[in-house]
Amino acid sequence: MMPFFSSQSLASAAAASVLSILVVGALAFSAVGYVEWSSGVNLTHFMGRTAVDASTPVLPLKGRTGCEQGNRPLPALSLPLE
């Protein structure tokens, strides 16, 4: 009676399994590395865009803002209350 699996087919199946585990591990490692790299680049880009530029005028917190809409009184609410 012949065995269902020969020792050679078991060895090749084990090698294929090990190889596939290594490939999946390499893909996962490269994906994590890419996400960390792109997050660092995006953070640097974001921080550079949010830095206060010396040429940008700062608006006052109180008083006139230069916007005509902002200096008008709010309209009265004229909805019927039921």
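**View 1. An aromatic pair.** Rings of Phe, Tyr and Trp (its six-membered ring) pair if their centres lie within 6.5 Å; planes under 30 degrees apart are stacked, over 60 edge-to-face, and the rest tilted. By this rule the protein has 1 aromatic pair. The ring centres of Tyr-34 and Trp-37 are 5.8 Å apart and the planes stand at 40 degrees, so the pair is tilted. The model is predicted: local features need pLDDT of at least 70, side-chain atom pairs need pLDDT 80 or more, and totals for chains, interfaces and linings use all residues. Residues are numbered from 1 along each chain as its sequence is written, and side-chain values use heavy atoms, without hydrogens and water.

**View 2. The helix.** The protein has 1 helix and 0 strands (DSSP runs, numbered from the N terminus: H or I of at least four residues for helices, E of at least two for strands). Helix H1 covers residues 7–50. Tyr-34 and Trp-37 sit 3 residues apart in H1, so about one helical turn separates them. Val-41 also lies in helix H1.

**View 3. A nonpolar surface patch.** Tyr-34, Val-35, Trp-37 and Val-41 form this patch, with about 450 Å² of accessible area together (Shrake-Rupley method, 1.4 Å probe, only the protein chains shown counting as cover for residues). Tyr-34 is exposed at 53% relative accessibility. Trp-37 is exposed at 55%. Val-41 is partly exposed at 40% (buried is under 20%, exposed over 50%, partly exposed in between; 1.4 Å probe, protein chains only).

Notes: Patches are made of residues with over 30% relative accessible area and no salt bridge: like charges are joined within 9 Å, nonpolar side chains (Val, Leu, Ile, Met, Phe, Trp, Tyr) within 5 Å. A salt bridge is a side-chain nitrogen of Lys or Arg within 4 Å of a carboxyl oxygen of Asp or Glu.
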